[in-house]
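Here's a quick briefing to read with the model open beside you.

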Amino acid sequence: MSLQFVVDGLLTGSMIGLGAIGVTLTYSILRFSNFAHGDFMAWGTYATLAVVSAIGATFGKVAPIAPLSFGWPLLVAMVVGMAFTALLALLLDRVLFSRLRSQGQAIIVVMASFGASMALRSLLEFTFTSRPTYFSRAIQIAMPVGFGIRITPDQIALLLLTAVLVLGVHLLMTRTQTGRAMQALSQNAALARIVGIDVASVVRVTWVIGGALACVAGVMIGILVQIRPFMGFDMLLPMFAAAILGGIGSIPGAVLGGLIIGLAEAGAVQLIGAEWRAAVSFIILMAVLFVRPIGLFGVRER
Amino acid sequence: MIDLIGYGAFFLTTALIFSLVTLGLNLQWGLTGLFNVGLAGFVAIGAYTSALLTTPDDAARLGGFGLPILVGWLGAMIVGGIAAALTGMATLRLRSDYLAITTFGVAVVVQLVALNAQKLTGGPFGIGFIPRPFGSLAETPLLFNLSNLAVVCAVTLVVFFALEHLSRSPWGRVLKALREDERAAISLGKSARFYRVQAFAVGGAIMALAGALQAHFTGFIAPDNYLPILTFQVWVMLIVGGSGSNLGAVIGSILVWGIWAGSGTLTSVLFAPEQQARAASLQIVAIGVMLCVILLIRPNGLFGDRLQRLRGKRAKLAAGESGSDS
């Protein structure tokens, strides 16, 4: 068995982990499983793609940054895409989720997110058709780094970007007033309200972080794999499995869960074949639910 | 005219098969409050089980036992029920959202098995030559369609009345009690998990039966028949009809299938062939938005609400009568 699966697994794991942060935050703070989260990912990616094309149309062809396959347009476009995805999440919350949340039935909100997910995805399919597209068709030469492992410059850059983002969100959650308010709300909503935490602003921050990170994860998929309307929906099960494996509400847990699932998937591809890849997250999910339903870093609900 | 009757019979047969799935979902969600977003998986399990049991022997894959159709239906219900019971046992002690994610996963895995376990399911090519009831009548489409409709009608009626009976039985009352106030029901000595697993299993068995009926009605099944869109359609049917009402489940299914098939016909008339795929995705957008709007403005659907109002009126009348008596 070649050790190459470690790199593949870490990369898949980064995408899953970044997405799972949004899932775990929505679950712990707004108390519902957002089935539309994967579609935020796809929308963010298509928004980024649209901005990249717009920049390309305005400035002509921009040379990529030395060893990477992409240049500054993609970086700028990703920031715009992150903002767009965050706004999309906020908008959806305003017109749909917040109204249903106020009725106090969590499961109705889940159902609405299921409907929104279908509508969002099919709208992408209508606009861009289901044909896959790419940020760049250039093929990168993978560099050998020892132990039979090869890695491309893009992959190194994306792993670093993930590390920076995860560290950033972790610091935000632990060191800032907003982050502490989010934790308080997730641990005991009633008590958090009593001590005067501004619930509306915490909810907004939750959507902004979740949406922006979903967009980054989607762009990573776009750079390393391909862009399709279904790209986010296919990530839904791995993201939920990662969030539950890590323990709902825990950001380090979501990322670690994502990495474990990514590595397990990559390992399974080598051992039993790529066609069974999607079953890995389900098996891990069931194992966690049987053995330790609160996950690795979970806290029992109070 | 005869064509129209034939099409009407075909349409109703499909709608009634959907209504069977919706009835199964209504038992799980409407009566018991269990959130199943992987019902396509249970429908697929039923279809494949019945197909394996009843098709003639096939060298390319396992099975093909050539058993009678009724045995296939029974087998589908048993396997579907067991699959649902196992899912329920794993997750029903946890928060309800976990059940949603797990059932979603079940559907993904069933889809994977259908696609990749060629020896068992025929892979992407599916299974053909599934025996059809009244197959000998296939020469005369009208008679064939009508007799199929009669079979599906009969099965739907049996399931409908069985469910109506169940929901009024002590068993059904326990489920409703658990849905409304779990603590109170548990304090009366009812095991929440045990009852919920039972309800989930019965619902899963009904969905599997619907899958088997559909498989025998069309004679051919493939993994593409059981995509998440099926789950979505059935949920819209139940919400439109009104969750909690069996009558609502049936009427919602016929209504939504009418809208779905009608808009499908409309797009095929209005759009050029190369635009059909895009038009179909727009159709899904419309139905998705419809689901969200109904949840916002009329979460009880067409019948859920009215039944409650009737019940409320009756209760008021009863109270008034007893008041005047005293």
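A polar contact here is a pair of N or O atoms within 3.5 Å; within protein, one must be able to donate a hydrogen and the other to accept it, and residues adjacent in sequence count only if both atoms are side-chain atoms. By that rule, three residue pairs (both at pLDDT 80 or more) are in polar contact across the interface of chain B and chain A. This is a predicted model, where local features need pLDDT of at least 70, side-chain atom pairs count only at pLDDT 80 or more, and totals for chains, interfaces and linings use all residues. Residues are numbered from 1 along each chain as its sequence is written, chains are lettered from A and ligands numbered from 1 in the order in which they are written, and side-chain values use heavy atoms, leaving out hydrogens and water.

**Where the chains meet**

- Chain B and chain A bury about 3800 Å² between them, 80% of it on carbon and sulfur atoms; that's the accessible area (1.4 Å probe) the two parts lose on being put together, summed over both.
- You'll find zero salt bridges between chain B and chain A, counting a side-chain nitrogen of Lys or Arg within 4 Å of a carboxyl oxygen of Asp or Glu.
- On the side of chain B that touches chain A, helix 4 of chain B gives the most, with 14 residues (helices are DSSP runs of H or I, at least four residues, numbered from the N terminus).
- In all, 41 residues from chain B and 43 residues from chain A take part in the contact, which means heavy atoms within 4.5 Å.

**The nonpolar core**

- The largest nonpolar core has 188 residues, and A:Ile21, B:Phe35, B:Ile221 and B:Trp235 have the most contacts inside it.
- Helix 8 (residues 199–224) of chain A gives the most to this core, with 15 residues.
- A core like this is a set of buried Ala, Val, Leu, Ile, Met, Phe, Trp, Tyr and Cys residues joined through side-chain atoms within 4.5 Å, where buried means under 20% relative accessible area (1.4 Å probe, protein chains only).
- Setting aside residues up to four places away in sequence, B:Phe35 touches residues of both chains, including A:Ile107, A:Met111, B:Trp29 and B:Trp235.

- A:Thr48 sits in helix 2 (residues 37–59) of chain A and counts as buried, at 0% relative accessibility.
- A polar atom of the A:Thr48 side chain lies 2.7 Å from the backbone oxygen of A:Gly44.
- B:Phe144, in helix 6 (residues 141–168) of chain B, is buried too, with a relative accessible area of 6%.

Notes
Buried < 20%, exposed > 50% of the residue type's maximum accessible area, 1.4 Å probe, protein only. Helix = DSSP H or I, 4+ residues; strand = E, 2+ residues; numbered from the N terminus.
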